[in-house]
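Okay, thanks for coming, everyone.

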Amino acid sequence: MPETCEQALQFLQSICKATDLQLSVTADDVAEGCLLNIDGLDAELLLVQGGELLDALQHLLNQVYGRKLPDGHRIVCDVQSFRATREAELRAMALHAAEG
């Protein structure tokens, strides 16, 4: 795992620990850069209001660590495959609209 991804992982873990939320974070290298998977008993709190808190965490991590990643790479935060599911839904809607 690239050093920047490891640093982002440790930073997000420290945020979770400081807030006393029951969350765990793991990291994976993906084509887009670094995927931080968040799970735990309090994971649903990150998805309230359409995932605004999740978006805020991702934005913060990209501001702090994203500049250290190669061009075109970024840090992506996901909770219980929320982003992957949402992306699949948007693709299906776009295909349906294109067909109609």
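**Starting from the inside**

Let's start with Ile-38, which is buried, its relative accessible area being 2%. For the cut-offs, buried is under 20% relative accessible area, exposed is over 50%, and partly exposed is in between, with a 1.4 Å probe and protein chains only. Before I go on, this is a predicted model, where local features need pLDDT of at least 70 and side-chain atom pairs count only at pLDDT 80 or more, while totals for chains, interfaces and linings use all residues. Residues are numbered from 1 along each chain as its sequence is written, and side-chain values use heavy atoms, with hydrogens and water left out.

Back to Ile-38, then, which sits in strand 2. Helices here are DSSP runs of H or I with at least four residues, strands are E runs of at least two, and both are numbered from the N terminus. What does Ile-38 touch, not counting residues up to four places away in sequence? The list includes Leu-12, Leu-23, Val-25, Leu-46, Leu-54, Cys-77 and Val-79, where contact means heavy atoms within 4.5 Å. Take Leu-23 from that list: Ile-38 and Leu-23 are 15 residues apart in sequence, and C-alpha to C-alpha they are 6.5 Å apart in space.

**The overall layout**

Zooming out, the protein has 3 helices and 3 strands, and along the sequence the pattern reads α-β-β-α-β-α. Taken along the principal axes, the C-alpha atoms fill a box of roughly 50 × 35 × 20 Å. Of the 100 residues, 31% are buried. If you take the contacts with a separation of 6 or more, 52% of them are between residues 24 or more positions apart.

**The hairpin**

Strand 1, residues 24-30, pairs with strand 2 in the antiparallel sense over 7 bridges; two strands pair if DSSP finds at least two bridges between them. The hairpin that joins strand 1 to strand 2 runs through 2 residues.

**The cysteines**

How many disulfides does the structure hold? There is 1, with the term meaning a pair of cysteine sulfur atoms within 2.5 Å. The partners are Cys-5 and Cys-34, with their sulfur atoms 1.9 Å apart. Cys-5 is in helix 1 (residues 3-18) and Cys-34 is in strand 2 (residues 33-39), so the pair ties together parts that are 29 residues apart in sequence. The link of Cys-5 and Cys-34 is right-handed, with 60° about the S-S bond. Both Cys-5 and Cys-34 are buried.

Cys-77 is in no disulfide, and its nearest cysteine sulfur, that of Cys-34, is 8.2 Å away. Cys-16 is buried at 6% relative accessibility, and Cys-77 is buried at 0%.

Thr-4 lies in helix 1 and is buried, at 12% relative accessible area. Leaving aside neighbours within four places in sequence, Thr-4 is in contact with Tyr-65, Lys-68 and Leu-69. Gln-13, also found in helix 1, counts as partly exposed at 34%.

Last stop, some backbone angles. Most residues other than glycine have a negative phi. Gln-80, not a glycine, has a positive phi of about 50°, and Ser-81, not a glycine either, has a positive phi of about 60°. Gln-80 is in the loop between strand 3 (74-79) and helix 3 (82-99), and Ser-81 lies in the loop between strand 3 and helix 3. Gln-80 is partly exposed at 41%, and Ser-81 is partly exposed at 43%.
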